[in-house]
Amino acid sequence: MQTAPGDKEEILCLDPRPLIEALDDPALVIDARGAIRCKNEQLERLLSDSGAPILPLSPEGNHVLLPPAPAAVDLAPIQALLSGEIDRAEIELPGDGSGAPRWAIRGLSCTIGGGRGALLRLIDLGERRAREHQRRCAQVIESLKLGCKFLALEDPADDRSLRCIYMNPAAERLSSKPTEEVVGQTMDESVPSLRRLGIPQRLAEQIRSGRATEDEVVFPPEEGSRAFTTWSFPVGERCIAVIYDDITQRRATEASLEGTRVLLDAIIDNLPLLLFVKEEAELRYVRVNKRFEEFHGHAPGELLGKRVADYMPKELAAKIDAESRAVLAGGVPVEIPEIHIPSSLLGPRIGHARWIPMEAAEGKGRYLLGLIEDVTERKKIEDAKRHEAILLETQRRLLELIQELSTPSIPIHPGILVVPLVGQMDSSRGAQLMESLVRAVERHQAEFVIIDITGVTSVDTAVASHLLQATRAARLLGAECSVVGASPGVARTVIELGIELGQLSTHRDLQAGFRYALARKGHRITPRAARRD
């Protein structure tokens, strides 16, 4: 204590004994020479214990062995404390050799009888480590994202006495209730619906049996249908810890993913294609669809993990494996328009294949996706259509030949054509006559056309009309037409029907018609005998 100038210095003297007796730790007070001035009851009890720490005391136990006196512990820091060099010091005492030191001396400088002294406390390091461990555990629990509650069973025979004694901030957030409304309350008071789910009963039984469990709890729809995963285990006597996580969103996501997986599986199984996926290392199947299994005569799941060589001929399997590895090495999709594949149920089939190399997620291996369309029936239909087209083309050419033969155009002299008609004339044949006549006139540059109807059995109005149209068309191309060889019956029909032949000239027979055409061209036919004269 300091006073005003001129006043004597006032010194406050305290008896150290009540001070050290108030401490929880074993303690003693020493003077500057290391003499023990006093010690508390806790130290007396500790020194009388067989497991007491090794203290640097004199044999009489009334002095601390300060340097340079030999001691099992280096007390130089205590010496520095008594000399005034430092105010505080801590020294660990040697243990029993089985582990880390358990005790330490913590010193604090003080004044004893007007001189320097020190208050020395023995600190239980094991207890301090335990308290530090507890503190860290509490920090971990407080910072957990998972809810954590501690519950105490006050009456071992009554599960209704299960009372909450602690909850961490995450538990407060997950339960949407403040801590003060839960801690101190029984489970039936804070969340009555838990009894309907059997949770207090189960937790009480766990405390009695000492077993730990992991469960999933789903609240009813009227309470939000929330779902939790819980881990519960007894701690201490009549206490249990419950750690839990809200998995409502995760369950909804998993249900959605499962629904998507089921949908994709259904789509894959019902594709009108043979689908497979093989891993790169050994080319084993990791996925095949239902159609692929049925095509090869296997039950669902039988082909998974197998190779092509397990169910196909050796040579064919080796060829398929080589093609698969080539596609994986190339790294680009390959399309094969036609491959021959055997089916145990359908026999030899023809397929249109696509091989697609794929990279797995996060680079974990490569896979080969195979898509094969069975085009056997389509090929049959295409072949049948192609055959039918060939037959139709052949038929068309035959018909053209027949039509051409039915209305032939024969050049008998430069610029003179003969078109002999034989058989029954109808509308179709009449139309063909006009078409072939026009082509023949143009091809042979004809000036005269002699239509010989000697072989025609009958003529009607329609036939006569086609005949007249054909001659008019030829006339437009510069050719003059005449009709020869009409039979008496045909001539009678023409008269009876009143068919007008117009400017169309007629002659008795082909010879007369030819003579007429030659005369029109300025030629004259002379008998051979007359020519000899």
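# A guided tour of salt bridges and helices

Begin by selecting arginine 508 and aspartate 509, which form a salt bridge whose closest N and O atoms are 3.8 Å apart. A salt bridge here is a side-chain nitrogen of Lys or Arg within 4 Å of a carboxyl oxygen of Asp or Glu. Arginine 508 is exposed, with a relative accessible area of 66%, whereas aspartate 509 counts as partly exposed at 26%.

The model is predicted: local features need pLDDT of at least 70, side-chain atom pairs count only at pLDDT 80 or more, and totals for chains, interfaces and linings use all residues. Residues are numbered from 1 along each chain as its sequence is written, and side-chain values use heavy atoms, with hydrogens and water left out.

Next, select arginine 195 and aspartate 188, whose side chains meet in a salt bridge of 2.7 Å, N to O.

Move to helix α11, residues 314-330, and show lysine 319 and glutamate 323. Their side chains meet in a salt bridge of 2.8 Å, N to O. The two residues are 4 apart in the helix, so about one helical turn separates them. Lysine 319 is partly exposed at 48%, and glutamate 323 is partly exposed at 29%. A search of the whole structure finds 35 salt bridges.

Now select helix α4, residues 125-143. Helices (H or I, at least four residues) and strands (E, at least two) are DSSP runs, numbered from the N terminus. At 1.5 Å a residue, the 19 residues of α4 should span 27 Å, and the end C-alpha atoms are 26 Å apart, which agrees. The expected span is 1.5 Å times one less than the number of residues. At the N-terminal end, aspartate 124 caps α4, with a side-chain oxygen 3.1 Å from the backbone nitrogen of glycine 126.

Finish at helix α2, residues 41-48, where Gln42, Leu43 and Leu46 are buried. Seen down the axis, the buried residues of α2 fall within an arc of 95 degrees, so they line one face of the helix. The arc is that of the directions from the helix axis to the C-beta atoms.

Methods:
Polar contact = N/O pair within 3.5 Å; in protein donor to acceptor, adjacent residues only side chain to side chain. Buried < 20%, exposed > 50% of the residue type's maximum accessible area, 1.4 Å probe, protein only.
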